[in-house]
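Dear colleague,

Please read the notes with the coordinates open beside them.

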Amino acid sequence: MATSPAPRYGRLMIQPVIRRATAADLPAITTIYRHAVQHGTATFEIDPPGQSEMTNRFRTLAEAGFPYLVAEYEGEVQGYAYAGLYRTRVAYRHTLEDSIYVAPEHHGRGIGRALLDQLLVQAAAAGFRQMIAVIGDSEQVASIALHRAAGFRMVGTFVAVGFKFGRWLDTVLMQRALGPGAKTLP
C-alpha cells in the first residue's frame with residue numbers, strides 16, 4: 001500500500017514515499033540495521049543479525065498484520081519502521097512498541113519523523129490504543145526529541161540496564177495514546 005509523499009521535514013526538505021515494506025526491501029533493511037547494531041546504541045544487540053534472521057523477523061510482524069514501513073526516496077530505501085506488540089501477554093494486546101531506523105547518511109532529513117507519523121496513523125487505524133517507545137540509551141537525544149515532537153511523553157528511565165561499547169546504557173521509556181487511548185473500552 002503506497003501512501004502519498006510525506007510532508008516536508010528536516011533541513012534538506014526531502015519528500016520520501018512511505019510505503020509498506022516488502023521482501024524486496026530486506027537487503028536494505030538488513031544493511032541499515034547492521035550499521036545500527038555495530039555503531040549505535042539505539043539497539044542493545046551486539047551481533048548484527050543476517051538477512052535470514054531479518055527476514056524471519058519481518059515475516060513474523062508482517063504476517064500478523066502489524067505495520068512495517070519503509071521510507072523510499074528516488075528508489076532508495078533510506079529508513080524503516082515497524083510496530084509490534086509491546087509484550088506478548090494477552091493483556092498487552094492493545095499496546096505496541098515502535099522501532100525506527102534510518103540509514104546514517106540520511107539522518108536529520110525528516111525521514112524518521114515521516115516514518116513515525118505514518119506508523120502512528122496505521123496503528124491507530126488498526127485499533128491499537130497505546131504506543132511505547134523503548135529508546136536505547138538516554139543519550140539518544142534525537143530519538144527522544146523525535147518522539148516528543150510526535151506527542152509522546154516521558155514515562156521513565158531504567159538506569160544502566162545495558163552494557164555495550166564498554167559503557168553502561170540507560171533505556172528511556174516514552175508513551176503516546178493512539179485514537180481514544182484509554183478513554184473508552186476497546
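**Salt bridges**

Asp117 forms a salt bridge with Arg113, their closest N and O atoms being 2.7 Å apart, where a salt bridge is a side-chain nitrogen of Lys or Arg within 4 Å of a carboxyl oxygen of Asp or Glu. Both residues lie in helix α3 (residues 111–125), 4 residues apart, which is about one turn of the helix; helices (H or I, at least four residues) and strands (E, at least two) are DSSP runs, numbered from the N terminus. Arg113 is partly exposed, with a relative accessible area of 25%, given that buried means under 20% relative accessible area, exposed over 50%, and partly exposed in between (1.4 Å probe, protein chains only).

Before going further, please note that this is a predicted model, in which local features need pLDDT of at least 70 and side-chain atom pairs count only at pLDDT 80 or more, while totals for chains, interfaces and linings use all residues. Residues are numbered from 1 along each chain as its sequence is written, and side-chain values use heavy atoms, with hydrogens and water left out.

The structure holds 7 salt bridges. One of them joins Asp137 to Arg167, with the closest N and O atoms 2.9 Å apart, and this pair links distant parts of the chain, since Asp137 sits in the loop between β6 and α4 and Arg167 in strand β8 (residues 167–177), 30 residues apart. Asp137 is buried at a relative accessible area of 4%, whereas Arg167 is partly exposed at 30%. Salt bridges that share partners also join Arg19, Asp25 and Glu72 into one network. Glu72 counts as partly exposed at 21% relative accessibility, while Arg19 is buried at 15%.

**Helix packing**

The axes of helix α1 (residues 26–39) and helix α2 (residues 51–63) come within 10 Å and cross at roughly 110°, the axes being lines fitted to C-alpha atoms, for helices over the stretch in contact, and the angles running from 0 to 180 degrees between N-to-C directions. The two helices are therefore roughly perpendicular to each other, a term that covers 65 to 115 degrees, with angles under 35 counted as roughly parallel, over 145 as roughly antiparallel and the rest as oblique. Leu26, Pro27, Ile29, Thr30 and Tyr33 in α1 meet Gln51, Met54, Thr55, Arg57 and Phe58 in α2, contact meaning heavy atoms within 4.5 Å.

Helix α1 also holds His35, which counts as partly exposed at 33% relative accessibility. Leaving aside its neighbours within four places in sequence, His35 is in contact with Gly40 and Pro104. The C-alpha atoms of His35 and Tyr101, 66 residues apart along the chain, are separated by 9.8 Å.

Best regards
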